[in-house]
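Subject: Structure handover

Hello,

Here is the structure for your files. My notes on it follow below.

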Amino acid sequence: MVDVNKLEFGIETFGDIVANEDGSLQSAAQSIRQIVREGELADQYGLSVIGVGEHHRPDYSVSSPETVLGAIASVTKQIKLATAVTVLSSDNPVRVYERFATLDALSNGRAQVMLGRGSFTESFPLFGYDLTDYDDLFNEKLAMYDQLRNEKPVTFSGKFVQELKNQEVYPKTESGKLETYIGIGGSPESIIRAARFGYKVIIAIIGGQADRFKPYVDLYHAAAKELKMPEYPVAVHSHGFIADSKDEAMEVAFKNIKANFDRIGLTRGWAPMSREQFEGETQVGSFYVGDPEFVAQRIARTIKLLDLGRFDLVYGAGNQTAAQRERMIELYATKVVPRVKEILSEKVAAN
Amino acid sequence: MAIKRVGILGAGKVGIVLAGLALKAGYEVRISGSGDVQKIALTIKTLVPGAIAAENADVVANADIVILAIPLSRYKKITPDLLKGKLVIDAMNYWWETDGIREEVLDPDSTSSEQVQAYFKDATIVKAFNHMGYHNLQEEARPAGDPKRKALFVTGDDKEAVDTVAHFVDTMGFDQVVHYNIADGIMTEPGSPLFGASLSLKDLTRIIDHFDQTEFGREVMAAKQK
C-alpha cells in the first residue's frame, strides 16, 4: 500500500547537451553549469532527489557525476544527491566509496549511491575492461563495495580488483553507511542480486507499459523474503517532459526524446521510433509527456500499480533549452507532484 | 508434427516473455538458465508461474520445439549434439552490449542464423521472434483476426519446419511473413528497418517484399557484391 506521505519524487539527468534559443548547442561546460542551476531549483521547489548520470560520449556532458553533485551540494539544503547510475563495473569500488563519502561530507549526509551496470559500454575500453566480463565485473565489484560500505577494515581478493588486507578506507561518513540503490534494467538476475545484497532497487522503465514490471516488483519482494533480507519500496525512473500545454509538451518531447532514442538506436541497429510508437509510449507506455494534469494521472497510476516508494522523472533528453528544462522542473515540482499525492490520497480514501 | 511441449533455453528477458506467451497459448513449458535450476527457480515461479524450471538437457528432452533465447555470443557453449534432431527456433541476435565485438561472435560473410544452423548441423533451425522488442512481444500478442494484430518474420531452409513454426507463431499471437531461406534472416538483423519495429502483416510484408529498396537492403546487396 502506497504511503503518500513517504513518497519521494526525484529528477534525473543524463547530462544531455543544452540548446540555445536559436537552436545552436551550448558547450559541455555550459551544460554542466546548467545542471548545477537545476539542482538548486529542484531543491528550492522541494523535490526529494536529483540524480546525475555517468557517460563518456559526446552527446552527454557529465562523465564525473560526483563532481557535479559536489557543486550542487554547496548550493542546496535538503535534496538528496544521487548518481544515475555509477557504472560500477568499470570503476574501482574503493574510489567509489571515497568519492561518495566525500560528497556525503560536503552535503551533510545527502549522498546517495546508485550502482548499475550501465546501458552504455564506452566506459569499458576507456578504463581497460573487457565487455565480455560484464557480469563478472559487476558481481565482484559489488561484493567489494558491499564490504567497504560497512566502513570497517576490509579483506578482499578477486579476479579484477586490487587485493585488500585488513584495509581501512576514508573518510568515514557521519551516518556510518552510505545509502545505496542498485539500478536495474529488468533482468531477473539483477533483481535477485539486489535483494541478496539488501540494497534498495530502482528500475529503469524506458519503454513499454509499466504493467509489465509488476511481476518484477513481486520478484524483488519474494527474493528479499526468501533470502531474509530487508525489503524496501521499489523506485522507478522513466523519461518525461512537461509543458503548460499538452501540444507543446508532445512537440518538444517528440523532437527531443525521439532524436535521443534514435541516435542511441542507430549504434545498436534498432529501427527509428515512429510517431505511432512515440504516441503509444506517451499514452500508455513509459514516456510521461503532457500537461501537468495528464502527467500526474499517469505517474499516479504507475505508483499505485507498482506500489512504489519513489518516482524519478528523467528530464532534458535530447537538446532542450534551459528555459524548457527549468519550466519542466518547476511544473513537475509545483503542479505534478502535489497532484499525484492528491490523486493517490483520493484513491486511498476511496478504498 | 503437433507441438505440445515448448522448451526454452535462456531465462532472460526474451526467454521469459516467450515462456509467458507459450503458457497463455496452452503449451507445456520448460525453461533453463545458464546455471543450475536453483538459480532461476524463484524467477520462474514468480514471473511465469506454471513454467517448469529445468536444466538444458531436461528442457530439450521434453520439448517438441526448442527456442534459443540466450545471448548470441554463448550459443557455442551448448554442445551441438544436445539439439540433434530437434526443431529449433533461433530468437537470437547480435547485440553488442551483451555480445561484445561482432567479429568475435559472427563471421561477417554470412548471417547469424546460417552460422547457428551450421553449428547445430543436426538440428533444423528456423529464425523467428528475433526482430520485435521483447516488451512489444509481451504486450502485442493478439488472437488471429484482431485488426491490431502484429506480424513476425519466419524463415528457414526446411519448408515443413518453417510451416510448423509459422503455425506456432500464430498460436503465440502473431501473424507471419514466411520465407523458405534461412539467409533471408538478414532482413531482420540489427541495422534493418525491421529490427525493433512492431508492424502489421501488411506493413511487414511491404518492407520484406521491397527489402532491396531500403537503405539497409542496399548495404547488404553492396556487401554481397564485394
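A residue is called buried if 20 or more other C-beta atoms lie within 10 Å of its own, exposed if 12 or fewer do, and partly exposed in between, with C-beta atoms placed from the backbone. By that rule A:D307 is partly exposed, because 15 other C-beta atoms lie within 10 Å.

Ground rules next. This is a predicted model: local features need pLDDT of at least 70, side-chain atom pairs count only at pLDDT 80 or more, and totals for chains, interfaces and linings use all residues. Residues are numbered from 1 along each chain as its sequence is written, and chains are lettered from A and ligands numbered from 1 in the order in which they are written.

Confidence. The model scores ipTM 0.79 and pTM 0.89. Chain B has a mean pLDDT of 93, where pLDDT is the predictor's confidence in each residue, from 0 to 100. In chain B, 99% of the residues reach 70 or more.

A:D307 has a positive phi, near 55°, and is not a glycine. A:D307 sits in the loop between α10 (292-306) and β12 (308-314) of chain A. Helices (H or I, at least four residues) and strands (E, at least two) are DSSP runs, numbered from the N terminus. A:E151 also has a positive phi without being glycine, here near 60°. The loop between α5 (134-148) and β6 (154-156) of chain A holds A:E151. With 19 other C-beta atoms within 10 Å, A:E151 is partly exposed.

Then the cis peptides. One joins A:A84 and A:V85, with omega about -5°. A:V85 belongs to the loop between β3 (80-83) and β4 (86-87) of chain A. Another runs from A:Y170 to A:P171, with omega near -5°. A:P171 is in the loop between β7 (164-167) and β8 (179-184) of chain A.

A helix pair in chain A. Two packed helices are described by the angle between their axes and the distance between the axes. For α6 (residues 188-197) and α7 (residues 214-226) of chain A, the angle is about 35° and the axes are 8 Å apart. Axes are lines fitted to C-alpha atoms, for helices over the stretch in contact, and angles run from 0 to 180 degrees between N-to-C directions. From α6(A), A:P188, A:I191, A:I192, A:A194 and A:A195 meet A:Y216, A:L219, A:Y220, A:A223 and A:A224 of α7(A). Contact requires C-beta atoms, placed from the backbone, within 7 Å. This contact of α6(A) with α7(A) has ten nonpolar residues, no polar and no charged. Ala, Val, Leu, Ile, Met, Phe, Trp, Tyr, Cys and Pro count as nonpolar, Asp, Glu, Lys and Arg as charged, and the others, Gly among them, as polar.

Chain B overall. Chain B has ten helices and eight strands. Its C-alpha atoms fill a box of roughly 50 × 40 × 35 Å along the principal axes. Of its 226 residues, 52% are buried. Among contacts in chain B with a separation of 6 or more, 65% link residues 24 or more positions apart.

Finally, the interface. The contact takes 22 residues from chain B and 23 residues from chain A. On the chain B side, α1 (13-24), α2 (37-47), α4 (96-99) and α7 (134-139) each supply at least two residues. α2(B) gives the most, with four residues. The chain B side divides into nine nonpolar, ten polar and three charged residues.

Best wishes

How values were computed:
Contact = placed C-beta atoms within 7 Å.
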